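This report describes the sheet, a pocket and the salt bridges of one structure. Please consult the sequence and the model as shown below.

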Amino acid sequence: IPLYRKLREEKGISMEFAKKIKNISSLPIISRETFLKSSPDEYIHDYSPVHPYEWLTTSGSTGKPFRFVFPASGDGSREIEKLYVTEKRWRFLEWIGIPFNDVLSMRVVKTGRRTWFDLPGIYIPIEQLRSNPEKIMQQIQVSNATVLFGFVSKIIEFCTLVRMHNMVGKISFPYCTTSGEILTSEQRDFIKETLLCDVYDRYGANELRTIGVECREHNGFHLNSESLILEIVDKHGNSVPNGTPGEIVITNLLNKIMPFIRYAIGDRGTIFQKKCPCGLKTPLFAVEGRTRTLRLGAKNLYYEDVSRRISKRHAEAILQWQIKKIDEKHIEFLFVKGGVYNSFTENCIRTTIKTLVE
């Protein structure tokens with residue numbers, strides 16, 4: 001890969017040194033910007049339309065989206081690789097004793113905007129759920145689904161509608177798995193109490209797929225360490241000891257056509273020093289949120305601060321939120337109202353935002 005050869009040579013690192021896993025922390029850290037500043041010819045290995053790979057696009061949640069290449073087997077073209085990608089997503093079910101063959105036959109209800117499935121089930125567009133909740137809930141009741149899956153905000157909205165229509169106890173799942181957004185303890189409890197289920201969070205990214213999932217202890221993510229290397233680094237790019245928070249850096253050992261080596265994903269997290277009581281030996285880590293900050297005059301607005309005060313305190317009232325910088329003195333706060341939003345919520349949000357920026 002010309003890009004990696006260039007980066008390695010700029011740091012004076014030989015190929016023999018770079019090949020040893022213990023030396024990985026000496027290699028340069030890359031990011032989305034690294035790829036955006038380069039051409040595909042520099043970072044793609046022997047790409048050909050006859051290879052089972054496809055171009056995909058990141059969501060843009062941490063900045064400008066960029067296109068990347070990923071094995072098409074991730075969406076089903078090679079059976080053995082497809083099974084591995086599926087197993088990574090749903091291995092928490094194996095960890096509680098369900099054989100993988102049984103996992104493959106489980107039915108899933110999926111909410112959100114992406115219709116792609118790796119297990120059988122039904123897709124519920126959130127727009128249809130809002131416009132005709134009774135019909136959709138009847139469809140879910142007869143689906144015999146074992147798992148509900150979706151982004152945190154979409155699951156919270158689903159649960160809010162279940163409560164509004166007095167369907168608690170009538171619509172339930174043994175398991176719910178969330179992804180895409182930070183899941184707070186308040187949100188987890190809300191989902192559990194509404195759907196009478198156990199909630200398993202999942203951490204991943206479009207360009208890396210599933211990075212880690214929770215076990216029955218629900219005290220962090222277990223890294224999928226057979227195909228990923230996780231590091232936590234400080235602001236200078238140096239690895240920090242376990243237990244110290246910092247920026248998450250990932251190396252993907254599967255995507256050989258467009259490798260992600262020491263890739264800063266844009267999130268902050270911590271690798272725990274402790275071992276998980278469940279007995280799994282894989283690294284256990286937590287994700288704190290995005291690394292991005294918003295500069296407003298002399299004030300820095302941190303994602304973690306906003307998320308903790310908005311998502312945690314108002315999980316049912318604010319389903320999604322976004323802050324846009326208008327100029328050096330003004331920001332705009334955009335949000336999607338939940339079912340219990342009221343004037344009290346609005347006053348709290350105004351006070352919270354004012355406190356954060358003053």
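What volume does the second largest pocket have? The second largest pocket has a volume of about 660 Å³. The model is predicted, with local features requiring pLDDT of at least 70 and side-chain atom pairs pLDDT 80 or more, while totals for chains, interfaces and linings use all residues. Residues are numbered from 1 along each chain as its sequence is written, and side-chain values use heavy atoms, without hydrogens and water.

**Pocket**

A pocket is an open set of points on a 1 Å grid over the protein atoms alone, where a 1.4 Å probe fits, with protein on both sides within 12 Å along at least five of seven lines; lining residues have an atom within 4 Å of a point. The lining of the second largest pocket comprises 21 residues, and Tyr4, Ala18, Leu27, Pro259 and Ile261 lie nearest its centre. Helix α1 supplies the largest share of this lining, four residues. By class, the lining has 13 nonpolar, three polar and five charged residues.

**Sheet**

Helices (H or I, at least four residues) and strands (E, at least two) are DSSP runs numbered from the N terminus, and two strands pair if DSSP finds at least two bridges between them. Strand β10 runs antiparallel to β11 (residues 246-252), joined by six bridges; the bridge partner of Ile229 in β11 is Thr251.

**Salt bridges**

A salt bridge is a side-chain nitrogen of Lys or Arg within 4 Å of a carboxyl oxygen of Asp or Glu. The count comes to 12 salt bridges. One of them joins Glu193 and Arg163, with the closest N and O atoms 3.7 Å apart. Glu193 lies in helix α10 and Arg163 in helix α9 (residues 152-164), so the pair ties together parts 30 residues apart in sequence.

Technical notes:
Grid points are joined across faces, edges and corners, and a volume is the space filled by probe spheres set on the points. Ala, Val, Leu, Ile, Met, Phe, Trp, Tyr, Cys and Pro count as nonpolar, Asp, Glu, Lys and Arg as charged, and the others, Gly among them, as polar.
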